[in-house]
Amino acid sequence: VDEASCGEKALSHRLHEAASKSPSLKLITLGSHPVDSVTSQMVVRVTLGLIFDDISAVTRKTLQQSHVYSKMSNEDKEVTVARIVEASDGSFLWAKLAAKRVRDENPPNEAALSKSVENIVQAGHKISDLISHTLQSKLSEDTKKILVWLVTANRPLAQQELAALLSTKPDEAALAEHREIDFPQLLKPVASLVFFHKNLVYLRHALVRTAILDVFSKGKFLPAIKDRHVDFAQRLLLYAKQTVTDSHGPSLEPLNGQVTEDLLRKHPLLDFALRYWTGYAKIAFKCTNNQEINIASKSFRSVLPAT
């Protein structure tokens, strides 16, 4: 609930008010602030003690991909996992990121792995520090673009939509040839920051979004993209221009329903592009007066559909 646009306190109050009307309902909320106790409700606070085993399972799964960890004795494995979980202070995300960092350092032996864990624990890293470290690793250009698009888009993106975005070439005002993309493999280096569900790609947490934006704002993550909203709007318009090629004059009549369905079915990004490109353009240029509208039109001139 701490990610709600209306504010954590306001949303928590409304949820608890609604839950109080159903005696058999169990309401589970996650947030930054403790929940106020209510006489008519029993409140169970989720502490590290309650979720220790769950965080341990996540940490253990991440470390199991380490060749050194897999050869350790069961006792040493549990000591290593416990050290990370205790330092996580109840944060699944922190534990997962810390374990991934230990694994990616590829320690040559047990002593080096234990030292790596101790260094991370003693350093007192915040979640943002661990995410920034992941983003500073060697990532492909496509992986970086996808992360920036995910923080820019107003909803999770389907794999087909991401593939279509990767095909756009704003500098050339063209679309690249279709190619098969293995997204789990492409995003494997940042698997701790994203997840897949029903063909959609999500960022794991609002803190991940904040950290990516912070790194991007420094200008070195993707130097070719100066303004992520301008870039996103340009790609959406370019996709629409290159996929809807039949000429039609201005008309108040909608397109034939079958034609529309065929276009949307054939081109996976088209629906998203037509729905949302104006929103990203407005954010980029604000467009509150004629001068700003003229500046925006120059940026989009080469990609604006002609029909």
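Figure 1. The model is predicted, so local features are given only where pLDDT is at least 70 and side-chain atom pairs only at pLDDT 80 or more, whereas totals for chains, interfaces and linings use all residues. Residues are numbered from 1 along each chain as its sequence is written, and side-chain values use heavy atoms, without hydrogens and water. Helices (H or I, at least four residues) and strands (E, at least two) are DSSP runs numbered from the N terminus. Helix 11 covers residues 206–217, and its 12 residues should span 16 Å at 1.5 Å a residue; the end C-alpha atoms lie 17 Å apart, which agrees. The expected span is 1.5 Å times one less than the number of residues. Val208, Ala211, Ile212, Leu213, Val215 and Phe216 of helix 11 are buried; buried means under 20% relative accessible area, exposed over 50%, and partly exposed in between (1.4 Å probe, protein chains only). The cover over these buried residues includes helix 5, helix 7 (127–135), helix 8 (141–152), strand 5 (200–203) and helix 12 (228–243).

**Figure 2. Packing of helix 2 with helix 5.** Helix 2 (residues 48–63) and helix 5 (residues 92–104) pack at about 25 degrees, and their axes are 9 Å apart. That angle makes helix 2 roughly parallel to helix 5. Axes are lines fitted to C-alpha atoms, for helices over the stretch in contact, and angles run from 0 to 180 degrees between N-to-C directions. Angles under 35 degrees count as roughly parallel, over 145 as roughly antiparallel, 65 to 115 as roughly perpendicular, and the rest as oblique. Helix 2 passes helix 5 in a right-handed crossing; a crossing is right-handed if the near helix is turned clockwise from the far one by less than a right angle, and left-handed if anticlockwise. From helix 2, Ile51, Asp54, Ile55, Val58, Thr59, Thr62 and Leu63 meet Phe92, Ala95, Lys96, Ala99, Lys100, Val102 and Arg103 of helix 5, where contact means heavy atoms within 4.5 Å. The residues of this contact comprise 8 nonpolar, 2 polar and 4 charged. Ala, Val, Leu, Ile, Met, Phe, Trp, Tyr, Cys and Pro count as nonpolar, Asp, Glu, Lys and Arg as charged, and the others, Gly among them, as polar.

**Figure 3. Phenylalanine 92 in helix 5.** Phenylalanine 92 belongs to helix 5 and is partly exposed, with a relative accessible area of 36%. Leaving aside residues up to four places away in sequence, phenylalanine 92 touches Ile51, Asp54, Ile55 and Val58. Phenylalanine 92 and serine 56 are 36 residues apart in sequence, with a C-alpha to C-alpha separation of 9.0 Å.

**Figure 4. Crossing of helix 2 and helix 4.** The axes of helix 2 and helix 4 (residues 74–88) come within 9 Å and cross at roughly 125 degrees. Helix 2 is therefore oblique to helix 4. The crossing of helix 2 past helix 4 is right-handed. Leu48, Phe52, Ile55, Ser56, Thr59, Arg60 and Leu63 of helix 2 meet Glu78, Thr80, Val81, Ala82, Ile84, Val85, Glu86 and Ser88 of helix 4. By class, this contact has 8 nonpolar, 4 polar and 3 charged residues.

**Figure 5. Packing of helix 12 with helix 14.** Helix 12 and helix 14 (residues 270–285) pack at about 145 degrees, with axes 8 Å apart. Helix 12 passes helix 14 in a left-handed crossing. On the helix 12 side, His229, Val230, Phe232, Ala233, Leu236, Leu237, Tyr239, Ala240 and Thr243 take part; on the helix 14 side, Leu270, Phe272, Ala273, Leu274, Trp277, Tyr280, Ala281, Ile283, Ala284 and Phe285. The contact divides into 17 nonpolar, 2 polar and no charged residues.

Figure 6. Most residues other than glycine have a negative phi. Aspartate 89, in the loop between helix 4 and helix 5, has a positive phi of about 55 degrees although it is not a glycine. Aspartate 89 is exposed at 66% relative accessibility. Lysine 198 lies in the loop between strand 4 (194–197) and strand 5; its phi is also positive, near 50 degrees, and its relative accessible area of 73% makes it exposed. Glutamine 136, in the loop between helix 7 and helix 8, is exposed with a relative accessible area of 64%. Glutamine 136 and lysine 220 are 84 residues apart in sequence and 10.0 Å apart in space, C-alpha to C-alpha.
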